[in-house]
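Let's walk through this one piece by piece, with the coordinates open alongside. Have your viewer ready before you read on.

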Amino acid sequence: MTTLIRIALLGLLLLANAVHAADPLVISGGNDRAIPIAVVPFGWQGGTVLPENMAEIIGNDLRNSGTFEPVPAQNMISLPTQASEVIFRDWKALGAQFVMVGSIVPTGGRLQVQFALFNVATEQQVMAGNVSGGVEQLRDMAHFVSDQAFEKLTGIKGAFSTRLLFVTAERFSVDNTRYSLQRADYDGARAVTLLQSREPILSPSFAADGKRIAYVSFEQKRPRIFIQYIDTGRREQITNFEGLNGAPAWSPDGSRLAFVLSKDGNPEIYVMNLASRQLQRVTNHFGIDTEPFWGKDGQTIYFTSDRAGKPQIYKMNIASGAVERVTFIGNYNANPKLSADEKNLVMVHRQEGYAVFRVASQDLTRGTVKILTQTSLDESPTVAPNGTMVIYATRQEGRGVVVLASINGRVKIPLPIAAQGEIREPSWSPFLK
Amino acid sequence: MEMLKFGKLAALALTLAVAAGCSSKGADNTGEGAIDPNAGYNANANGSGTDGMLADEAALRAITTFYFAYDSSDLLPEAMRALDVHAKDLKGDGSRVVLQGNTDERGTREYNMALGERRGMAVQRYLVLQGVSPAQLEVVSYGEERPAATGSDEESMAQNRRVNLVK
């Protein structure tokens, strides 16, 4: 069985790069306008053409947040690459509120990037900075600049240097599907295969350290939970129980893993101390209990349960065992994910009287529910570590795709991931060091 | 007695129709056609008793996929008929089988893992009630991960809500 599994070493299968050519479809859904910002193509003094367009990546990042709307490069009247070249009336004419300029200079086999951001109305410099790296790090440098600019302009830490896990499934017949677990930049670029199998892979998630991931693999013809170290590819099998072994969820400090086992007769949530491998059962109900998600306190676990008939979301204190129902609107609420500030619960939601599943967000103080997506089989929501964006899985023309949406509803973009077959189960990394 | 045989035949016709990959609607139609009392009585009258029974049994033994209604883990009568034959075989030869539970694509993946297991366990429970040792039976849920049909229409989804008995 294990011969069917090939762990691709990091960097072995680079699937991306050819992807960013097609312009993704942008659907605007919000009320008030996003802030127009011009990210001018960065100057480049080198001879060869660079493989990545930093200004375009930065513009897309800022757009993805739902807060900014980049000015298209073809509309630009002038193309300044440094502060002294910025003519503010050009940008006022275009309605841009901010303008970013930058230049890339080759120095000793590396690239030195200078950038500066200006407020068009006040004609003042908002920020300036520099970053350097190899040609292969152009995307990293672009996301770094986006993070800096986003935080300066909004006060919210940028989450553009993060990563995404997802599963692809290329089906040849009912008994022949090739599954792969991949990691890409948050925007779907530079996908790398971490695991391939002829048996299902599901529920991948990052530990808070960003170095370990957990997932479920059927490579032994049964679901089993594994931990894998991203850098080395080393794997550890965590569970080997009869029945369900599923829905692994990392505790905030990365020392424990919550998951689902049905070894005692029906699905219950357990917590394992990863150092001692000691197992603690935390739910006790004859219904289905699954999909644990940890609160930041390391004591609260949100989970899905059908104890009231239909799946709804509950939360429990694992020390006291006290359980409280959280969702009341809709006849199907599952797969709970907390926003970074723990004010909102993002989940898969089905409205009363409807057959479709959508991603929705519940305000945990007021109890109100806001539906974030408009398609019909929307699932597996995952929230950016700064809470500004959500990525979810859905179907388009019969194919599984993942879509990035800003929490404010302005932006919905299918991620341009170059993968064969279905793409599913996106899972956002934490902030990475 | 006659009614029992008739019921068995009707159930068989239904099960075969479903197994042949007909839509749930199509299966119902075929089923209704098969519940023609004359057809039922004729088959019994013409068969030489044991031969008819053996033919029945062989047909039922060939059924290793058992279908379920949406959001349900209740065994359908036609599934029970086939499972009775499998139970007899399993008690006789003591072999081990895997009961693979599956769901349609609606709902979340991990929740569907649990639903698929519920279906597998419904089959397991039924076989154990017929005298099969629990040690011969293992339930493995695949949730919505291994659909038999890939469409999102009712017909495809009906084919995916199933338990496969795998030797």
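Which residue stands opposite Val105(A) in β5(A)? Val105(A) has Gln112(A) across from it. Before going further, keep in mind that this is a predicted model, where local features need pLDDT of at least 70, side-chain atom pairs count only at pLDDT 80 or more, and totals for chains, interfaces and linings use all residues. Residues are numbered from 1 along each chain as its sequence is written, while chains are lettered from A and ligands numbered from 1 in the order in which they are written.

β4(A) (residues 98-107) and β5(A) (residues 110-119) run antiparallel and are joined by 10 bridges. Strands here are DSSP runs of E with at least two residues, helices are runs of H or I with at least four, and both are numbered from the N terminus; two strands pair if DSSP finds at least two bridges between them. The hairpin they make has 2 residues between the strands, and Gly108(A) has a positive phi near 55° there.

Strand β1 (residues 35-39) of chain A pairs with β4(A) in the parallel sense over 3 bridges, with Ile37(A) bridged to Phe98(A). Strand β2 (residues 43-44) of chain A is also parallel to β4(A), over 2 bridges, and Gly43(A) sits opposite Ser103(A).

Now zoom out to the domains, whose bounds come from an automatic or database domain assignment. Chain A is split into domain 1 (2-14 + 167-428) and domain 2 (35-154). Their centres, taken over C-alpha atoms, are 35 Å apart. Where they meet, 13 residues of domain 1 are in contact with 6 residues of domain 2, contact being C-beta atoms, placed from the backbone, within 7 Å.

Further along chain A, there's an open sheet of 4 strands with antiparallel pairing, in the order β26-β27-β28-β29. β26 (379-383) and β29 (412-414) are at the edges with a single partner strand each, so one side of each has no neighbour in the sheet. Within it, β27 (residues 389-396) and β28 (residues 399-406) pair over 8 bridges, and Tyr392(A) stands opposite Val403(A).

Finally, hop to chain B and helix α5 (residues 77-93). Its 17 residues should span 24 Å at 1.5 Å a residue, and the end C-alpha atoms are 25 Å apart, so the two agree; the expected span is 1.5 Å times one less than the number of residues. After α5(B) comes Gly94(B), with a positive phi near 65°.

Key: Contact = placed C-beta atoms within 7 Å.
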